[in-house]
Amino acid sequence: MNPTILAVVVSVLAIPRALTAAPNVLFILADDLGIGDLRCYGNPYVDTPAIDSLVREGALLTDHYAPSPLCAPSRAGFLTGRFNHRTGAVDVPSNRGLDRIVLSEKTFGDHFRMAGYTTALIGKWHNGLYCEDYLPHRRGFDRFFGFPNGGQDYWKWNLLRNDQPVPHDGRYLSDALNDEAIGFIRSNRSEGKPFAIFLAHHAPHSPFQAPKALIEKYRGRLGKGSSEKVAIIYAMIEAMDRGLGRVFQTLKEANLWRETIVVVTSDNGAYLGRAEGGSTRRFHAGYSGNKGDVGEQGIRVPAIISWPGYIPRGLKVSTPIHGCDWLPTLFARTGASRPDGARPFDGRDVMPTLRGERQPEIERRSLPFQKNRYRPAAHSDAAIRQGQWKLVWPGAPVTMGKDSTRDNPSYLRGIVRPHWEMPLDRQLDPVPEFAAPAPRLFDLNSDPGEQRDLAKRHPKLVAELASDYDVWFAEVMSDWRASRRSIIEHDRAYWKNRKAPDPAVLYRDFWLWQRAPAGTDRRNDDPLKVFRGYWTPKNR
């Protein structure tokens, strides 16, 4: 053979097989799945063989961070590759539009559709509801099969297939979502186009419901005296995992396994507390924190990536990786240009790191986090990590409370009723005055449980990290204010000539009367006078 031709052949063979064509993407996002909730992360009780199998074939990330410790803002980061504040999504009250991704942002769906992919969002959205313009099939996804609300019943679910309502049919919700992914893979296989699926499972988020046989299994495994809620949560996780096993098998049977990048991660850490009358506290791998706060258990979440022939088998990645990194990393594999109007990614292409290679700039960068209720407050529930160091401002109590009597009726109705549209309750109170708590400094290499505050020992480092954080917060807040204005302006125009539903009728069965002021008579009192807000002229 001609030496030149031989050199070319050798060069081509040396390229990982998966680089020779644009790979399919299956991005799986669980809901409230903590870093201690999988067997491959050390949980001694739960069985997750399908997800664990990805670790044997790919890489497990030990220091992977969700963009936020709460659902909607975290999902905005995963979906856009940008810090969630920029997108407009800073909290979960959908009735106020605080979960919405401003329409000028480009999503996961927009990017992969531009690259010639068929796209689907299957499962939970929670980044804009009560207005059809914000639904996934108008945000770059060819198919939406799921629910826009922040929660859903697992047995009596009400889903949408694009604009068409799909009532429950007896299947468990996780099975219905996995079945849809399987059907999408098979139908797209016949079309011959690459696909990108954002499979957003609801498990193990409340309401805590699971197949009876699995609940019985974990009751027996955990033993007498254990929490019933934990048994149900583990059953929910295994039910999701079993279905994912079927999805993975479908890819293999279609000869697509080696052509598909699979990622499994979570939107935030586990909720560890009391819910639905029982305790959800369970194995959490020794990390402190909770869903909703920036302690490690609130933001450090599982992440596993498999891409046979390209990601080394059994690799452990300890470099800190941010949830905003996934979209730029996955999209870069397509070789396509970004959509027109796309704003700069905050995340980075970290594929070299995921292959075990060094990326010094990734290892040195700072990763900021911030989450409180309603209007963001700079030094409440905030953190910045750089290398081994993490600076944390605990949440100031006056900024962390939720006005549940005003914001929860719409969420509760959405769990059991079909999707509907309504205008936003646009009013937001100013951030209350509070004394910012002193920041705490932790060395995560020696103290991953964040038990020893080293701030007094390293004042210069504290000042440097605090300065970096303050610059970041000022920048993203400028973008948030612009996004918020755009969201409100769109809502005002959308409802200008439309009739809004009557909240007294809409929420008749969902007012939180148990939290009403003493002396309230739920049979005779007007709920719109008992509970403040709800589309008054001031708020609209």
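**Aromatic cluster, an enclosed helix and ring-facing charges**

Ring pairs join F27, F78, F108, F112, Y117, W125, F141, F198, W326 and F331 into a cluster, where rings of Phe, Tyr and Trp (its six-membered ring) pair if their centres lie within 6.5 Å. This is a predicted model, in which local features need pLDDT of at least 70 and side-chain atom pairs count only at pLDDT 80 or more, while totals for chains, interfaces and linings use all residues. Residues are numbered from 1 along each chain as its sequence is written, and side-chain values use heavy atoms, with hydrogens and water left out.

**Confidence**
- The protein chain averages a pLDDT (the predictor's confidence in each residue, from 0 to 100) of 94, and 95% of the residues score at least 70.

**Aromatic pairs**
- The structure holds 28 aromatic pairs.
- The ring centres of F108 and F141 are 6.1 Å apart with planes at 15°, so this pair is stacked, a term for planes under 30 degrees apart.
- Both F108 and F141 are buried, meaning under 20% relative accessible area with a 1.4 Å probe, protein chains only.

**Helix α2**
- Because 7 of the 9 residues of helix α2 (residues 49-57) are buried, this helix is largely enclosed by the rest of the structure; helices here are DSSP runs (H or I, at least four residues) and strands are DSSP runs (E, at least two), numbered from the N terminus.
- The buried residues of α2 are A50, I51, D52, S53, L54, V55 and E57, and what covers them includes β2 (59-61), α8 (228-253), β9 (260-266) and β12 (303-306).

**Charges over rings**
- R338 lies over the face of F345, 3.6 Å from the ring centre, where the criterion is NZ of Lys or CZ of Arg within 6 Å of the ring centre and within 35 degrees of the ring normal.
- The charged end of R413 sits over the ring of W420, at 4.5 Å from its centre.

Notes
Buried < 20%, exposed > 50% of the residue type's maximum accessible area, 1.4 Å probe, protein only. Contact = heavy atoms within 4.5 Å. Phe/Tyr/Trp six-rings, centres within 6.5 Å; stacked < 30°, edge-to-face > 60°.
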